[in-house]
Amino acid sequence: SSDLSSGINAEYGDLVKRETFAPILYILPHGSFEEAVEINNEVAQGLSSSIFTKNQDYIFRWVGPEGADSGIANVNIPTNGAEIGGAFGGEKETGGGRESGSDAWRQYCRRSTCTINYSKSLPLAQGIDFS
């Protein structure tokens, strides 16, 4: 069965900041979307986070660079599990990399673009000519 702890403010409750692998639901009051993101991101761990909303602005802000700072950012689904093909892994103290999923190969590679000019001239990219 699940435990429901309602009204625990993240400023006062270290309990909600611990990474507990148990069926616990914390409901934290907040005044704005920005405050909710701040509460979510102030913990030391970052494996998975979820938001439940129909507001498209919140959805894209949640999964964007100013949103959830977890390795897996969910919308309208719980934090348990992950999509089979997705990059599985956390950030911060739970940042063990992305050893599973479609991005696993990226751990062992350095991706770069390499252009080699064999001519005696110095051409500009895309054939640009300033003359």
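Reply: Glu-34 is a place to start: its relative accessibility is 45%, and it counts as partly exposed (buried means under 20% relative accessible area, exposed over 50%, partly exposed in between, with a 1.4 Å probe and protein chains only). This is a predicted model, in which local features need pLDDT of at least 70 and side-chain atom pairs count only at pLDDT 80 or more, while totals for chains, interfaces and linings use all residues. Residues are numbered from 1 along each chain as its sequence is written, and side-chain values use heavy atoms, with hydrogens and water left out.

The side chain of Glu-34 meets that of Arg-61 in a salt bridge, at 2.2 Å from N to O. A salt bridge here is a side-chain nitrogen of Lys or Arg within 4 Å of a carboxyl oxygen of Asp or Glu. The two residues are 27 apart and link distant parts of the chain, with Arg-61 in helix α2 (residues 56-63) and Glu-34 in helix α1. Helices (H or I, at least four residues) and strands (E, at least two) are DSSP runs, numbered from the N terminus. Arg-61 is partly exposed too, with a relative accessible area of 28%.

In general, side chains of opposite charge can pair when their charged atoms come close. The structure holds 4 salt bridges.

Another of them joins Lys-17 and Glu-42, with 3.8 Å from N to O. This pair also links distant parts of the chain, 25 residues apart: Lys-17 is in the loop between β1 (3-6) and β2 (24-27), and Glu-42 is in the loop between α1 (33-41) and β3 (45-46). Lys-17 has 27% relative accessibility and counts as partly exposed. Glu-42 is partly exposed as well, at 36% relative accessible area.

Asp-69 and Lys-92 form a salt bridge in which the closest N and O atoms are 3.0 Å apart. Here the distant parts of the chain are the loop between α2 and β5 (72-75), which holds Asp-69, and strand β6, which holds Lys-92, the two residues being 23 apart. Asp-69 counts as partly exposed at 27% relative accessibility, and Lys-92 counts as partly exposed at 36%.
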